[in-house]
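I opened this notebook to record what I looked up in the model. The entries turn to the ligand and then to the sheet.

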Amino acid sequence: MLHKMQDALMAGKKAEVEALVDQAIASGMSARQILNEGLIVGMERLGVLFKNNEVFIPEVLVAARAMNAGLTKLEPQLIKEKVEPKGLVLIGTVKGDLHDIGKNLVGMMLKGAGYKIIDLGTDVSPERFAAAAKEHGVQIVALSALLTTTMVQMKSIIQSLQAAGVKAPVIVGGAPLTQEYAAQIGAQGYASDAASAVDIVNKLLA
Ligand code: B1M
């Protein structure tokens, strides 16, 4: 049943994923097993295909919607079983930048990997990042930028986080970014795509 759930998720079949989650709960399977061996493995398998250019952004977005639908079905059960998220990630697109498609994809993949996401949206100032990171006690801060004119904001955000005493590692990404730039501004991680962002977060929190 769980393999079928993975396949349905990868194919973006939302109604089928929902039905399979219901069936799995009814069969007495634990929410943790449904999450870890069904939904998350489905998303991981899709992440590998995405990295290898075997599937593309539209497929990932549709699968992420199916994942969200499955998670919504599973949520009451997860709460009952007290299954904790793997960590709390604060994500946003930097000040002056309105591009959010890549950022949303990164958020969805992280959610698919078992993290809880606080999404600040777009055009987020260094002060808002720092205040939200402190308020929620996040484990990771994830910054996205698509413009060469806005990626420079990332350094100010890292400085604001440090000034506010936030110790959470910062990961950065977006089309104009590079590993070198990330290192230069003091970010702890860089990912060129959404699937790699999950790998980096897993590694940083291991
Ligand atoms: Co804009 N835009 N845009 N745009 N836009 C680009 C980025 C541009 C490259 C187009 C071009 O000229 N060829 C160019 C930037 C040039 C530069 O700075 N080098 C550009 C420009 C100039 C502009 C405006 C200034 C245009 C104008 O008004 N004169 C303006 C700026 C507005 C602003 O932000 N203040 C603008 C506006 C817009 C729209 C609003 C029309 C729209 C955005 C809609 C939206 O996001 N809701 C838009 C779009 C759609 C694009 C293009 C066409 C597509 C971007 C996209 O969504 N790609 C883009 C050209 C292009 O990239 N081909 C372009 C798909 C997305 C999945 O990829 O976001 O790269 P991407 O995310 C990837 C990775 O980068 C990575 O993972 C994702 C995939 O797995 N990633 C992360 C992203 N964030 C990450 C974070 C991580 C890790 C990985 O960790 C935290």
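Which element gives the most to the shell around the ligand? I found that α5 does, with 4 residues; helices (H or I, at least four residues) and strands (E, at least two) are DSSP runs, numbered from the N terminus.

I noted that this is a predicted model, in which local features need pLDDT of at least 70 and side-chain atom pairs count only at pLDDT 80 or more, while totals for chains, interfaces and linings use all residues. Residues are numbered from 1 along each chain as its sequence is written, and side-chain values use heavy atoms, with hydrogens and water left out.

**Entry: ligand shell.** I looked up the 26 residues around the ligand, of which L98, H99, D100, S144 and T148 come nearest (near means a heavy atom within 4 Å). By class I recorded 15 nonpolar, 8 polar and 3 charged residues; Ala, Val, Leu, Ile, Met, Phe, Trp, Tyr, Cys and Pro count as nonpolar, Asp, Glu, Lys and Arg as charged, and the others, Gly among them, as polar. At least two shell residues come from each of α5, β3 and β4.

Entry: I found a single protein donor to the cobalt atom of the ligand, H99 (NE2), 2.2 Å away (donors are N, O and S atoms within 2.8 Å of the metal, or 3.2 Å for Na, K and Ca). I placed H99 in the loop between β1 and α5 (101–112). For polar contacts (pairs of N or O atoms within 3.5 Å), I noted an oxygen atom of the ligand 2.9 Å from a polar backbone atom of T148. I also noted a ligand oxygen atom 3.2 Å from a polar backbone atom of A175.

**Entry: sheet.** I read the order of the open sheet of 5 strands as β2-β1-β3-β4-β5, with parallel pairing (two strands pair if DSSP finds at least two bridges between them). β2 (116–119) and β5 (189–190) stand at the edges with a single partner strand each, so one side of each is left without a neighbour in the sheet. I traced the parallel pairing of β4 (residues 170–173) with β5 over 2 bridges, and V172 stands opposite Y190 in β5.

Terms used: A polar contact is a pair of N or O atoms within 3.5 Å; within protein, one must be able to donate a hydrogen and the other to accept it, and residues adjacent in sequence count only if both atoms are side-chain atoms.
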